[in-house]
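I opened this entry to keep a record of what I looked up in one model. The notes follow the order in which I went through the items.

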Amino acid sequence: MAANPGSIRYSLVIPVFNEEAVLPVLLRRLDLVLSRLDGPAEAIFVDDGSSDSGSIVLKALATRDPRFRYIGLSRNFGHQVAITAGMDAAQGDAIIVMDADLQDPPEVIEQLIAKWQEGNDIVHARRLSRDGESRFKRATAHVFYRLLGKMSSVGIPADVGDFRLIDRKVLDALRQMPEQDRFVRGMIAWLGFRQTEVAFHRLERAAGETKYPLLKMVRLAMNAALGFSDLPLRLAIWCGLTVSGLALLYGGWVILLWIGQDSHLVTGWSSTIVVVSLLCGMNMLMTGIVGLYVGRIHAEVKRRPLYVVQARAGFDRDVAAAAPAIHAVNE
């Protein structure tokens, strides 16, 4: 894992979406961390279609400070795609992904690097606590990680977000996975390699609002479930079989009433209900299976690019200029 002479050793990938309020504190803390690293480093900010003035600040910083890079996407493509865009541009031997809201403390980066230097290829940052989050979000996150662990065919670490370090060879393997509906933490877990973790306390947002409201969290959970488990398919099968089985049982009961010449039995009603129930169950079965497959296949076969880059800054300089402790970040 030794860096080549004159190359970038560490790449920080930081997706940004309307984080103007937190940028001054984030840049100051990043400056301190970068100055303590044992090799040249770059910090790649991926602007995921922000509407505030944070992009102006980051672009100007990338122009004057050789340690910083800026990628501006043409619109909001989503957090997972923004992470992918940053990793595609990363040049380092070790790549660290973290959020810009300071809930992922930059100081933990040094702990991740220490584990990487021990020979680990993937170092997860596991959350010991989740300050500033509602009881509902903490409860649903707990349930989500436990259910995903039971549903998934691969071991996805619990209480781990996208804050992690990966080795260059892991990134090279990851870039061979061109899924449209991306769940990056699951994709990395699927790759295998030697993995470990570092525990940390997740802090409250320094400023601004969460960029993962309930609907986005539900969508991420769906991508995780559909991308790394066939349980939804099996649920559709069992739901269809259950309804069909109940319809058959009901049909048998109706036949018994007919044989017994029950006076409450309406002529023609029984057969109609049995047939409709049976067909509804079979339709639920087939629609569930085909719908899930077709939906995801449709997204893949279009082969659209994952993202479109509108602007780049800071990528045209000699990488040797990114050595630590050579420039200070202005507040």
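I am working with a predicted model, in which local features need pLDDT of at least 70 and side-chain atom pairs count only at pLDDT 80 or more, while totals for chains, interfaces and linings use all residues. Residues are numbered from 1 along each chain as its sequence is written, and side-chain values use heavy atoms, with hydrogens and water left out.

**Confidence.** I looked up pLDDT, the predictor's confidence in each residue, from 0 to 100. The protein chain averages 77, and 69% of the residues score at least 70. Residues 1-6 have a pLDDT below 50, and this stretch has 13 contacts in the model beyond near neighbours in sequence. I take contact to mean heavy atoms within 4.5 Å. Residues 324-331 also stay under 50, and the model has 25 contacts for them beyond four places in sequence.

**Whole chain.** I noted ten helices and eight strands in the protein chain. Helices (H or I, at least four residues) and strands (E, at least two) are DSSP runs, numbered from the N terminus. Of the 331 residues, 47% count as buried. For accessibility, buried means under 20% relative accessible area, exposed over 50%, and partly exposed in between (1.4 Å probe, protein chains only). Among contacts with a separation of 6 or more, 85% are between residues 24 or more positions apart.

**Strand β3.** I asked how many residues of β3 are buried. For this strand (residues 68-73) the count is six of six. F68, Y70 and G72 are buried on one side, and R69, I71 and L73 are buried on the other, which leaves both faces covered. Strand β2 (residues 41-47) pairs with β3 in the parallel sense over five bridges; two strands pair if DSSP finds at least two bridges between them. I picked out V46, whose bridge partner in β3 is I71.

**Helix α7.** This helix (residues 184-191) is mostly covered, with seven of its eight residues buried. The buried ones are V184, R185, G186, M187, I188, A189 and L191. G192 follows α7 and has a positive phi, near 90°.

**M177.** I found M177 in the loop between α6 (168-174) and α7. Is it buried or exposed? M177 has a relative accessible area of 10% and therefore counts as buried. Not counting residues up to four places away in sequence, M177 touches R182, M187, W190 and L191. M177 and L191 are 14 residues apart along the chain, and their C-alpha atoms are separated by 9.9 Å.

**P105.** This residue lies in the loop between β4 (94-97) and α4 (109-117). P105 counts as buried because its relative accessibility is 9%. Leaving aside neighbours within four places in sequence, P105 is in contact with R29, F163, F200, H201 and L203. I also noted the C-alpha separation of P105 and R202, which is 7.6 Å for residues 97 apart along the chain.

**Positive phi.** Most residues other than glycine have a negative phi, and most peptide bonds are trans. I looked at two entries on this point. L102 has a positive phi of about 70° although it is not a glycine. L102 lies in the loop between β4 and α4, and at 3% relative accessibility L102 counts as buried. N18, also a residue other than glycine, has a positive phi near 55°. N18 is in the loop between β1 (10-16) and α1 (23-36), and N18 is partly exposed at a relative accessible area of 24%.

**Cavity.** I ran the search on a 1 Å grid over the protein atoms alone, where a cavity is a set of points that a 1.4 Å probe fits but cannot get out of, and lining residues have an atom within 4 Å of a point. Grid points are joined across faces, edges and corners, and a volume is the space filled by probe spheres set on the points. The whole structure gives one cavity of 30 Å³ or more, and about 30 Å³ of space lies in the largest cavity.

Which residues line the largest cavity? They are V16, N18, E19, E20, L23, D47, S50, D52, G54, S55 and L58. Helix α2 (residues 54-64) supplies the largest share of this lining, three residues. The lining divides into three nonpolar, four polar and four charged residues. Here Ala, Val, Leu, Ile, Met, Phe, Trp, Tyr, Cys and Pro count as nonpolar, Asp, Glu, Lys and Arg as charged, and the others, Gly among them, as polar.

Conventions. 1 Å grid on protein atoms, 1.4 Å probe; cavity = no way out; pocket = protein on both sides within 12 Å on 5 of 7 lines; lining within 4 Å.
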